[in-house]
Amino acid sequence: MNQNVNPQKLIDDMQRWITATREDQVWTQHESLYLEVLAQWKAVNRYRPEHGTAEDQRLYQLYWTAMDQWHQSFSQQSEEIFDAMPIQATDKAGFYDGILQELQSSILERIPKIQQGKIVRMTSFLNILRVSLNDMTKLSLDDLSVVDMSLLLDYWKFLGDALREF
């Protein structure tokens with residue numbers, strides 16, 4: 001993992017932004033990209049790489065490097081989030097939904113499958129990541145703006161790039 005990536009710092013920064021913008025008072029987790037990301041980061045950060053397999057440790061490092069890239073993109077665009085126009089329903093149902101579904105599917109398929117018959121610890125990073133990514137696919141696109149959708153696509157793109165290295 002990039003030595004400069006500090007998962008707790010990313011979590012704290014996102015929590016400060018959510019509190020300052022009152023995002024958590026207006027939306028629920030599956031309605032807000034930012035609440036969804038924060039929930040995922042908190043869940044994933046519970047994993048302790050020093051107790052995991054080499055495979056889990058490597059995936060953990062790749063994940064946080066990707067999330068650091070996403071956080072940089074978020075930081076650059078965060079001032080525009082509340083000024084951005086909502087996405088038109090026709091664009092959301094057509095163009096954006098198609099791209100998003102394709103990205104999500106390719107990433108979820110790329111995560112190594114857990115072999116049947118193999119004992120999987122609930123503390124396995126792979127298991128934690130699978131559950132978190134499945135939660136991310138439940139995000140409602142109904143109220144996303146152009147900036148929100150851009151950041152959501154960045155999220156899946158950075159994660160996909162990291163998983164190509166796995």
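Colleague: What should I know about the numbering and the model?

Modeller: Residues are numbered from 1 along each chain as its sequence is written. The model is predicted: local features need pLDDT of at least 70, side-chain atom pairs count only at pLDDT 80 or more, totals for chains, interfaces and linings use all residues, and side-chain values use heavy atoms, leaving out hydrogens and water.

Colleague: How many helices and strands does the protein have?

Modeller: Helices (H or I, at least four residues) and strands (E, at least two) are DSSP runs, numbered from the N terminus. Here there are seven helices and zero strands. Along the sequence the pattern reads α-α-α-α-α-α-α.

Colleague: At what angle do helix 4 and helix 6 pack?

Modeller: Helix 4 (residues 54-77) and helix 6 (residues 125-136) pack at about 40 degrees, with axes 9 Å apart. That makes helix 4 oblique to helix 6. Oblique is what remains after roughly parallel (under 35 degrees), roughly antiparallel (over 145) and roughly perpendicular (65 to 115).

Colleague: Which residues in helix 4 and helix 6 meet?

Modeller: Contact means heavy atoms within 4.5 Å. Glu55, Asp56, Leu59, Tyr60 and Tyr63 in helix 4 meet Phe125, Leu126 and Leu129 in helix 6. By class, this contact has six nonpolar, no polar and two charged residues.

Colleague: Which residues touch the most other members of the largest nonpolar core?

Modeller: In soluble globular proteins, nonpolar side chains tend to be buried together. A nonpolar core is a set of buried Ala, Val, Leu, Ile, Met, Phe, Trp, Tyr and Cys residues joined through side-chain atoms within 4.5 Å. The largest one here has 48 residues; Met14, Tyr34, Trp41, Trp64, Trp70 and Leu152 touch the most other members. Helix 7 gives the largest share, 11 residues. Leaving aside residues up to four places away in sequence, Met14 touches Tyr34, Val37, Leu38, Trp41, Trp70 and Phe74.

Colleague: Is glutamine 101 buried, partly exposed or exposed?

Modeller: Buried means under 20% relative accessible area, exposed over 50%, partly exposed in between (1.4 Å probe, protein chains only). Glutamine 101 is partly exposed, at 39%. Glutamine 101 lies in helix 5. Its C-alpha atom is 8.8 Å from that of threonine 137, 36 residues apart along the chain.

Colleague: What share of the protein is buried?

Modeller: Of the 166 residues, 44% are buried.

How values were computed. Axes are lines fitted to C-alpha atoms, for helices over the stretch in contact, and angles run from 0 to 180 degrees between N-to-C directions. Ala, Val, Leu, Ile, Met, Phe, Trp, Tyr, Cys and Pro count as nonpolar, Asp, Glu, Lys and Arg as charged, and the others, Gly among them, as polar.
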